[in-house]
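Hi everyone, thanks for coming. I'd like to walk you through one protein today, so please have a look at it with me.

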Amino acid sequence: MDLLIFWDEAAPTGIQSVFSRDLESLLPITPRVCDSHVVVNGFIPSRRQTNATALIDSLDLSKKRSGRKDLILLVVSDDLCRTGDEYLFGLSRPSTGNAVVSTARLDNEFYGQPACDEDLIDRLVKESAHEVGHLLGLAHCRNPECIMYNPLLLEDISRQKRWFCPKCQENLNSFE
Ligand SMILES: [Zn+2]
Ligand SMILES: [Zn+2]
């Protein structure tokens, strides 16, 4: 089983290969970046945000039609939300093996700071490894430095290391 990274055409470009290499170093499966043919629906004009649940519904449908079994991670630049959540960095649905991450709030520019690819890649790698961790069966972890810690704020992602704690790593290894 592979991990397909669907890169939305509006997502930041020029960082895909570094991102993919860094993500691969953390995970027991091989990521492959492809152009996304998934229509980004679920846009809510009044909030200028996209409903992450609707996006995963689209991924589920597209996977069903294609008959593929690979895990899919969709990378978008749209700011994500969900009923009950003002915003989300990402969302996964382990039952169908599909997840989405957003670069919107991982980018310094969102906070009025100069853009920095290095920061963006670092946060995107951690947030993506977190969602793929869920797809591989991992739950949230209480260790604030572990990738499976539930990040609610950007500071949480910055504090996380590019590291699964020994307990989470053990669970990941059992997937191999
Ligand atoms: Zn999570
Ligand atoms: Zn952990």
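Let's start with Leu74. Setting aside neighbours within four places in sequence, Leu74 is in contact with Phe6, Asp8, Ser36, Val38, Leu55, Leu59 and Val100. By contact I mean that two residues have their C-beta atoms, placed from the backbone, within 7 Å.

A quick word on what you are seeing. This is a predicted model, in which local features need pLDDT of at least 70 and side-chain atom pairs count only at pLDDT 80 or more, while totals for chains, interfaces and linings use all residues. Residues are numbered from 1 along each chain as its sequence is written, and chains are lettered from A and ligands numbered from 1 in the order in which they are written.

Leu74 also belongs to the largest nonpolar core, which has 43 residues; Leu74 is among those with the most contacts inside it, along with Ala52, Leu73, Val75, Val100 and Val132. Such a core is a set of buried Ala, Val, Leu, Ile, Met, Phe, Trp, Tyr and Cys residues joined through C-beta atoms within 7 Å. Buried means 20 or more other C-beta atoms within 10 Å of a residue's own, exposed means 12 or fewer, and partly exposed is in between, with C-beta atoms placed from the backbone. Elements giving two or more residues to this core include helix 2 (52-66), strand 5 (71-76) and helix 3 (117-135).

Now the overall layout. The protein has 5 helices and 9 strands; these are DSSP runs numbered from the N terminus, with helices (H or I) of at least four residues and strands (E) of at least two. Buried residues make up 38% of the 176 residues.

Strand 4 and strand 6 run parallel, joined by 2 bridges, and Asn51 has Cys81 in strand 6 as its bridge partner.

Elsewhere, strand 8 (residues 90-93) and strand 9 (residues 98-102) run antiparallel, with 4 bridges. Arg93 stands opposite Asn98 in strand 9.

Most residues other than glycine have a negative phi. Is Arg48 buried or exposed? Arg48 is exposed, with 10 other C-beta atoms within 10 Å.

How values were computed: Pairing = 2+ DSSP bridges.
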